[in-house]
Amino acid sequence: MGEGFIARDITFVNSAGPKSEQAVALRVGADKSVVYRCSVEGYQDSLYTHSKRQFYRDTDITGTVDFIFGNSVVVFQSCNIVARKPLPGQRNFVTAQGRSHPEQNTGISIQKCRITGQSLTYLGRPWKEYSRTVVMQSFLDGSIHPSGWSPWSGSGSFGLKTLFYGEFQNTGPGSSVSGRVKWAGYHPSLTVKEAEGFTVAGFIMGTMWLPSTGVSFDSGLVK
């Protein structure tokens with residue numbers, strides 16, 4: 001929770017296993033926090049990006065259900081995001097972002113990452129009504145469900161008009177948006193200007209505080 005927290009070259013593991021429901025390996029609520037060259041390993045709810053400005057770089061994150069969740073304003077860059085094999089009958093969801101009001105500046109931005117899975121995987125689902133997540137300039141493997149995104153289980157149309165989910169310049173067999181969801185809040189192809197709003201400079205104002213940390217980062221879109 002302390003401002004300016006940095007984790008570097010550390011592995012965080014929750015060994016509870018897939019049957020334990022929520023089992024957080026790392027919870028971060030520190031403003032201007034950095035997780036660099038680390039590994040976060042778990043199953044359901046592995047990484048709780050609780051609140052404030054956060055930056056993850058060159059980090060491996062593994063899990064199954066909602067394994068990156070919370071209501072911070074966070075950028076993941078050059079990370080390896082791996083959906084593990086879930087329990088029988090269970091589905092994988094990479095993100096469950098918790099923005100609950102339209103004026104909150106929070107959201108999850110995944111840029112220049114690799115998203116792969118050992119089982120059928122969705123990029124995210126709306127934990128809260130104004131859930132906001134973008135996946136940009138990343139590699140998506142064939143485990144990604146053609147629809148890309150999922151409603152919250154058993155909630156019908158909850159948040160589908162008010163959420164903001166977007167994709168921009170992704171590659172790989174799971175990156176095609178032709179079969180994606182048709183929700184009012186889903187944007188299959190962000191404009192350059194929209195995408196720039198979710199970069200390190202535009203989303204977490206990282207150019208103001210990341211240089212002093214000594215970690216690598218790309219401030220804008222990758223050419």
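Which residues is Ile68 in contact with, leaving aside its neighbours within four places in sequence? Contact here means heavy atoms within 4.5 Å, and the list is Leu47, Ile61, Phe76, Ile81, Val94, Thr95, Ala96 and Ile108.

Hello everyone, and a quick word on what we are looking at. This is a predicted model, where local features need pLDDT of at least 70 and side-chain atom pairs count only at pLDDT 80 or more, while totals for chains, interfaces and linings use all residues. Residues are numbered from 1 along each chain as its sequence is written, and side-chain values use heavy atoms, with hydrogens and water left out.

Together with Phe76, Ile81 and Ile115, Ile68 touches the most other members of the largest nonpolar core, which has 35 residues. By nonpolar core I mean a set of buried Ala, Val, Leu, Ile, Met, Phe, Trp, Tyr and Cys residues joined through side-chain atoms within 4.5 Å. Buried is under 20% relative accessible area, exposed is over 50%, and partly exposed is in between, with a 1.4 Å probe and protein chains only. Strands E3 (26–28), E10 (73–77), E11 and E13 each give two or more residues to this core. There is also a second, separate core of 19 residues, including Val34, Val75, Ile204 and Leu221.

Now the strands. They are DSSP runs of E, at least two residues long, and helices are runs of H or I of at least four, numbered from the N terminus. Two strands pair if DSSP finds at least two bridges between them. As a reminder, strands of a sheet pair through backbone hydrogen bonds, either parallel or antiparallel.

Within the order, E11 (residues 80–83) is joined to E14 (residues 114–117) by 4 bridges, and Ala83 has Gly117 as its bridge partner in E14.

Next, please find strand E16, residues 132–136. E16 is mostly covered, with 5 of its 5 residues buried. Arg132, Val134 and Met136 point one way, and Thr133 and Val135 the other. E16 runs parallel to E13 (residues 107–111), joined by 4 bridges, and pairs in the parallel sense with E18 (residues 164–168) over 5 bridges. Val135 is a handy landmark: Ile110 stands opposite Val135, and Glu167 is the bridge partner of Val135 in E18.

What does the record say? UniProt, in an unreviewed entry, places "domain: Pectinesterase catalytic" at residues 1–206. That span is 4% helix and 35% strand, and its end C-alpha atoms lie 18 Å apart. The UniProt annotation "active site", also from an unreviewed entry, covers Asp66. UniProt positions are given in the numbering used here, feature names are shortened, and annotations may be inferred rather than shown by experiment.

In the model, Asp66 is found in the loop between E8 (60–63) and E9 (68–70). Asp66 counts as buried, at 5% relative accessibility. Not counting residues up to four places away in sequence, Asp66 touches Asp45, Phe93, Val94, Thr95, Ala96, Arg125 and Trp152.

Last, the cysteines. How many disulfides does the structure hold? It holds 0, taking a disulfide as a pair of cysteine sulfur atoms within 2.5 Å. For Cys38, the nearest cysteine sulfur is that of Cys79, 9.8 Å away. The sulfur of Cys79 has its closest cysteine sulfur in Cys113, at 4.6 Å, too far for a bond. Cys38 counts as buried at 4% relative accessibility, and Cys79 counts as buried at 2%.
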